[in-house]
Amino acid sequence: MSDFKQLGLSDSTLKVLEQIGFEKPTPIQEQAIPVLLKDEATDLVGLAQTGTGKTAAFGLPLVERVDDNDPSLQALIMAPTRELGQQTAQQLVAFSKGQKKLNVEVVYGGASIMDQIRALKRPTQIVVATPGRLLDLIKRRAIKLSNVKYVVLDEADEMLNMGFKEDIDEILSHTMEDRVTWLFSATMPREIKNIAKKYMNNPVEIAVNKESEVNTDISHQYVITKTSNKVPAVRRFLDIQPEMRGIMFCRTKRETQEIADDLGNLGYGVEALHGDLSQSQRDAVMRRFKQRSMQLLVATDVAARGIDVNDLTHVMHHKLPDQLESYTHRSGRTARAGRKGISLAFINPREVRQITMLERRVKVKFEQVQVPN
Ligand code: AMP
């Protein structure tokens, strides 16, 4: 706890941290919190992926800075997906509990906009939003950004990948010139640098991992197997490690469903998560996954974005991602909060070259393993 104290957090925040069981700051928290607590607020660019504790890195200072005597909207957090948005909002509520009377709302597409408009009528100091829905709400005058002092762009690279660039531009044009902006991103492509240049003022830059370097608590492994043998191979891994809990990434929705059905029909605790499921089906799948009534979640990259489950032992790749950089996002779902994890790729003999390319591009070392007998 003394470590958190050295970062300059208030006594009431320290008490909250004790209650929620955060004992030691993560590296990004150590670097970001003192900067974000400075009297004179500064812009910040943080190179960090999900699982590093970045939400608390910005969330704790944000909760300290927001004035709970002021009913106006003061902080806006943009996130690529509903799941990430909800998790962020939950953390902010937890950080403020018992110390500040803040109202945090989360708004996203795919849910009733009328309900969100109604919710926003209450005094709300912090809004977490996906960009598309936020823009809708601005256009309907359901939300006013003119008093927003803090803007957080969370998983900025994902937001750009999802095509939110123009929405973000337009949203930022509705905020004050002298707001502060904190941007977090797992990767730093040119587009992100451009955003930083355009919207930020001498940002402090921090990085917990060098660009595209992955977490060293992850062991990277691959097995060579014919495509038609991949599912039987997955079964062997599930059989010998009943304690395993993980996500298997597939490239297409169809493949995702087929593999989940194949394994499910054989009696394994396996279910699919992809964009053809309704929101309520996806919520139900995630609930079962979190409650551990499932061993393996088979998911597309898009559907798995922002899933926050801390104790996954494995990430599997039915195929490697088209864009090799996505490998970092995928494998970062395991080995979180200091735990160890395995990222296991199923490779057919012709794909072996991709492993060498990955080793070079993402700078990790792979170990070849055999399908268990
Ligand atoms: P994030 O990278 O923000 O998605 O955080 C990943 C997970 O780590 C979240 O579930 C947090 O609750 C947890 N976490 C963040 N910071 C700490 C900490 N200092 N100690 C323990 N758990 C943490």
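In strand 4, Ile77 has Val128 as its bridge partner. That pairing belongs to a predicted model, where local features need pLDDT of at least 70 and side-chain atom pairs count only at pLDDT 80 or more, while totals for chains, interfaces and linings use all residues. Residues are numbered from 1 along each chain as its sequence is written, and side-chain values use heavy atoms, with hydrogens and water left out. Helices and strands here are DSSP runs numbered from the N terminus (helices: H or I, at least four residues; strands: E, at least two). Two strands count as paired if DSSP finds at least two bridges between them.

- What holds strands of a sheet together? Backbone hydrogen bonds do the pairing, either parallel or antiparallel.
- Strand 4 is joined to strand 2 (residues 75-78) by four bridges, and the two run parallel.
- Strand 4 also pairs with strand 3 in the parallel sense over four bridges, with Val106 standing opposite Val128.
- Strand 4 (residues 126-129) points Ile126 and Val128 one way and Val127 and Ala129 the other, and all are buried (buried means under 20% relative accessible area, exposed over 50%, partly exposed in between, with a 1.4 Å probe and protein chains only).
- In a regular strand, side chains alternate between the two faces of the sheet.
- Strand 1 (residues 44-47) and strand 6 (residues 180-185) run parallel and are joined by four bridges; Leu47 has Ser185 as its partner in strand 6.

- Another open sheet of seven strands, with parallel pairing, has the order 10-11-9-12-13-8-14.
- Its edge strands are strand 10 (270-273) and strand 14 (366-368), each pairing on one side only.
- From one strand to the next, the twist averages 25 degrees.
- Strand 12 (residues 314-317) pairs with strand 13 (residues 341-347) over four bridges, in the parallel sense, and His314 sits opposite Ile342.
- Helix 12 (residues 253-265) lies across strand 9 (246-250), strand 10 and strand 11 (296-300), at about 165 degrees to strand 10.

**Pockets**

- On a 1 Å grid over the protein atoms alone, a pocket is an open set of points where a 1.4 Å probe fits, with protein on both sides within 12 Å along at least five of seven lines; lining residues have an atom within 4 Å of a point.
- Grid points are joined across faces, edges and corners, and a volume is the space filled by probe spheres set on the points.
- The largest pocket holds about 970 Å³ of space.
- It has 38 lining residues, and the closest to its centre are Thr26, Gly51, Thr52, Gly53 and Ala337.
- Which helix gives the most to this lining? Helix 5 does, with seven residues.
- By class, the lining of the largest pocket has 12 nonpolar, 20 polar and six charged residues (nonpolar: Ala, Val, Leu, Ile, Met, Phe, Trp, Tyr, Cys and Pro; charged: Asp, Glu, Lys and Arg; polar: the others, Gly among them).
- The second largest pocket has about 580 Å³ of space.
- Among its 25 lining residues, Asn161, Arg305, Gln323, Glu325 and Ser326 are closest to the centre.
- The second largest pocket's lining splits into seven nonpolar, seven polar and 11 charged residues.

**Residues to look at**

- Gln29 is in helix 3 and is buried, at 2% relative accessible area.
- Leaving out residues up to four places away in sequence, Gln29 touches Phe4, Leu7, Lys24, Pro34, Gly53, Ala56 and Ala57.
- Most residues other than glycine have a negative phi.
- Arg141, not a glycine, has a positive phi of about 55 degrees; Arg141 lies in the loop between helix 7 (131-139) and strand 5.
- Is Arg141 buried or exposed? Arg141 counts as exposed because its relative accessibility is 77%.
- Glu155, also not a glycine, has a positive phi of about 50 degrees; Glu155 sits in the loop between strand 5 and helix 8 and is buried at 7%.

Definitions and conventions: Axes fitted to C-alpha atoms, helices over the stretch in contact; angles between N-to-C directions. Contact = heavy atoms within 4.5 Å.
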